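Please examine the side-chain contacts of the protein shown here.

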Amino acid sequence: MTRSPAPPRAWQRMLSGRRLDLLDPSPLDVEIEDIAHGLARVARWNGQTRGAHSFSVAQHSLLVEAIAGHLNPDWPQPWRLMALLHDAPEYVIGDMISPFKAVMGDAYKAVELRLLGAIHLRFGLPAVTPAVLKRRTKEADKVAAFLEATELAGFERTEALRFFGRPQPLPREVLALLKPEPTEMAQARFLERFGQLTG
């Protein structure tokens, strides 16, 4: 009798020693150090940005959280933490550019949402992001995308306005987060901000 082939491996070993199952992720296998390590090494815009260093998803996450906090100064720390972690699944699945996400469709989104739910639960947040928070974080994400596109990724302003909308003015300390940094620095800053929001 012929044996059925073993199912393909659907988990990834993390540097912490955790084994994260992509199809059925457990909050117990999520560690913030793994998230920070991974996000600091995933490049936004597929690495097509100016500068000696890539602009990482860790840096993008810090930028989005800062913009969201500026636009919503009354947000409690758990909401700001959810903004910081909005792209956290990318520590495992990478940063897919929007055109490729559109091609992949619902399969990609389902994996991403399962991972985000496990990440949220690990850090005491609701598994599903509240609708109003999701909408406002997306607004901050689009502002960040506009800034990254025009300052780092070579988009013309008119082109960026068409894709991302018109951004609101932001203070200098937020705009300073647009500078690409070495991997270790981006990782450390992400962990530091996480500690501030959870301490």
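The questions and answers below concern side-chain contacts in this predicted model.

Me: How many salt bridges does a search of the whole structure find?
Reply: Side chains of opposite charge can pair when their charged atoms come close. The cut-off used is a side-chain nitrogen of Lys or Arg within 4 Å of a carboxyl oxygen of Asp or Glu. Over the whole structure, the number of salt bridges found is nine.

Me: How far apart in sequence are the parts tied together by Glu31 and Arg18?
Reply: The side chains of Glu31 and Arg18 form a salt bridge, with 3.0 Å from N to O. Glu31 is in the loop between strand E2 (19-21) and helix H1 (32-39), while Arg18 is in the loop between strand E1 (11-13) and E2, so the parts tied together are separated in sequence by 13 residues.

Me: Is Asp141 buried or exposed?
Reply: Asp141 and Lys138 meet in a salt bridge of 3.8 Å, N to O. Both residues lie in helix H7 (residues 131-151), three residues apart, which is about one turn of the helix. Lys138 is partly exposed at 48%. The relative accessible area of Asp141 is 13%, and under 20% counts as buried, so Asp141 is buried.

Me: What is the geometry of the pair formed by the rings of Trp75 and Trp79?
Reply: The search of the whole structure finds six aromatic pairs. In the pair of Trp75 and Trp79, the ring centres are 5.7 Å apart and the planes meet at 70°; planes over 60 degrees apart count as edge-to-face, so the pair is edge-to-face.

Me: Where does Phe194 lie?
Reply: The rings of Phe123 and Phe194 have centres 5.0 Å apart and planes at 70°, so they form an edge-to-face pair. Both Phe123 and Phe194 are buried. The pair links distant parts of the chain, 71 residues apart: Phe123 is in the loop between H6 and H7, and Phe194 is in helix H10 (residues 183-198).

Key:
Residues numbered from 1 in each chain as written. Predicted model: local features only at pLDDT ≥ 70, side-chain atom pairs only at ≥ 80, totals over all residues. Heavy atoms only, no water. Helix = DSSP H or I, 4+ residues; strand = E, 2+ residues; numbered from the N terminus. Buried < 20%, exposed > 50% of the residue type's maximum accessible area, 1.4 Å probe, protein only. Phe/Tyr/Trp six-rings, centres within 6.5 Å; stacked < 30°, edge-to-face > 60°.
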